[in-house]
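Have the sequence and the structure open.

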Amino acid sequence: MEHSVVVTYSRNVFLPLTNACRNECKYCGFRSSNPVIMDFDEIKAVLNKAKGASEVLLTFGERPDVHRRIKEKLGEMGYSSFMDYLLDVCRFAITKGFLPHTNAGVLDKGELKALRRYNASMGLMLEQAVELECHSNSPGKKPEVRIRVIKDAGKLQIPFTTGILVGIGEKMEDRIYSLEVIADIHENYGHIQEVIIQNFSPKNGTPMENTPPPTAQEMLEVVKAARRILPPDVTIQIPPNLVEDIYPFVKAGARDLGGISDITPDYINPEHPWPELDRIERCLRGEFVLKERLPIYPKYIKLGWYGNEVSHLIHLLSDEEGYRCRN
Ligand SMILES: O=c1nc2n(C[C@H](O)[C@H](O)[C@H](O)CO)c3cc(O)ccc3cc-2c(=O)[nH]1
Ligand SMILES: C[C@H]1O[C@@H](n2cnc3c(N)ncnc32)[C@H](O)[C@@H]1O
Ligand code: SF4
């Protein structure tokens, strides 16, 4: 198996800290206008069940403290801002042995810097680099705003996950342009570890519930274009729960499957359960080797692009090549 091509995934646990969000993306079934926020008892209970995972995925609504109720709840928990709470969640996850990967939506440079210390990597989907109708009530989805955040993360040397959401009203040329924008950012800052090519999946009760999702053929065209446009050191990720069979996508150049959990669902696409690792291996048809990675890719471990507070855990959890060690 010495020369086999490797396909990676990360064993994670998903903490959807809050469904409060200042944006109103028309495809989103996650956000709620009657929002809740997780307290530490709930967080503790989930992490206690997640023994084999190395990554805690922190994904939630953008700037949740614009909601009065969330602000009040944070006050009751003893926090003056959501950011203070988030930093505490990261610290707590680290004490439990998990490496945080935060996708908080839009952040300013000071917030990115504060989170860097406690995160192995961070993420923000570009979605698309063009203005779209589905984002008309989402100030945080303005392309220039998202591009600014991704660049700030580069200036701070934060290993970064971004990606495009396919099928939200954009044209093929818009997808190409979005991928070119990501390629250009990486050429300048060198911090993009992976790009997710995610297909829109309609959610009941949302304005886009009747919008058809992109076909597998269309998604394959996008993955091929991504492999052509993105620099070779940028990995392409496809979500294995949103496509029928990963094999054609891997043949087209995808080499990562993102976070997979055996205890938490994909809270953004809860109707799409994670496939079993056995099933994934069967899909790879013996042509590719499945390997577990950490939320930070080997290249960035070697470069030392991680915060002080996660350095001991990264060393504890990684093998000599920078993948997940299991002993
Ligand atoms: O940075 C991101 N990571 C996302 N990830 C995380 C990603 O799969 C991994 O956590 C990263 O590859 C880091 O290891 C998701 C993981 C899930 O389980 C479900 C949905 C997502 C979506 C995103 C995302 O939009 N942005
Ligand atoms: C965390 C990421 O999840 C994606 N996201 C949000 N809603 C949907 C949906 N209906 N289908 C697929 N992906 C979605 C967005 O790209 C967001 O940035
Ligand atoms: S996709 Fe993210 S930013 Fe958009 S409404 Fe949902 S939670 Fe908010």
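Q: Which residue in S7 is the bridge partner of glutamate 194?
A: This is a predicted model, where local features need pLDDT of at least 70, side-chain atom pairs count only at pLDDT 80 or more, and totals for chains, interfaces and linings use all residues. Residues are numbered from 1 along each chain as its sequence is written, while chains are lettered from A and ligands numbered from 1 in the order in which they are written. Strand S6 (residues 192–199) and strand S7 (residues 235–237) pair in the parallel sense over 3 bridges (pairing takes at least two DSSP bridges; strands are DSSP E runs of at least two residues, helices H or I runs of at least four, numbered from the N terminus). In S7, glutamate 194 is bridged to threonine 235.

Q: Through which helix does the chain cross from S6 to S7?
A: The β-α-β crossover is right-handed (with the strands pointing away from the viewer, the path from the first strand over the helix to the second runs clockwise). The crossing helix is H7 (residues 216–229).

Q: How many residues of S6 are buried?
A: Buried means 20 or more other C-beta atoms within 10 Å of the residue's own, with C-beta atoms placed from the backbone. S6 is mostly covered, and the count is 8 of 8.

Q: Which residue in S6 stands opposite isoleucine 164?
A: Strand S5 (residues 160–166) runs parallel to S6, joined by 7 bridges. Opposite isoleucine 164 stands isoleucine 197.

Q: How far apart are the end C-alpha atoms of H3?
A: Helix H3 (residues 82–95) has 14 residues. The expected span is 1.5 Å times one less than the number of residues, so H3 should span 20 Å. The model agrees: the ends are 20 Å apart.

Terms used:
Buried ≥ 20, exposed ≤ 12 C-beta atoms within 10 Å, placed from the backbone.
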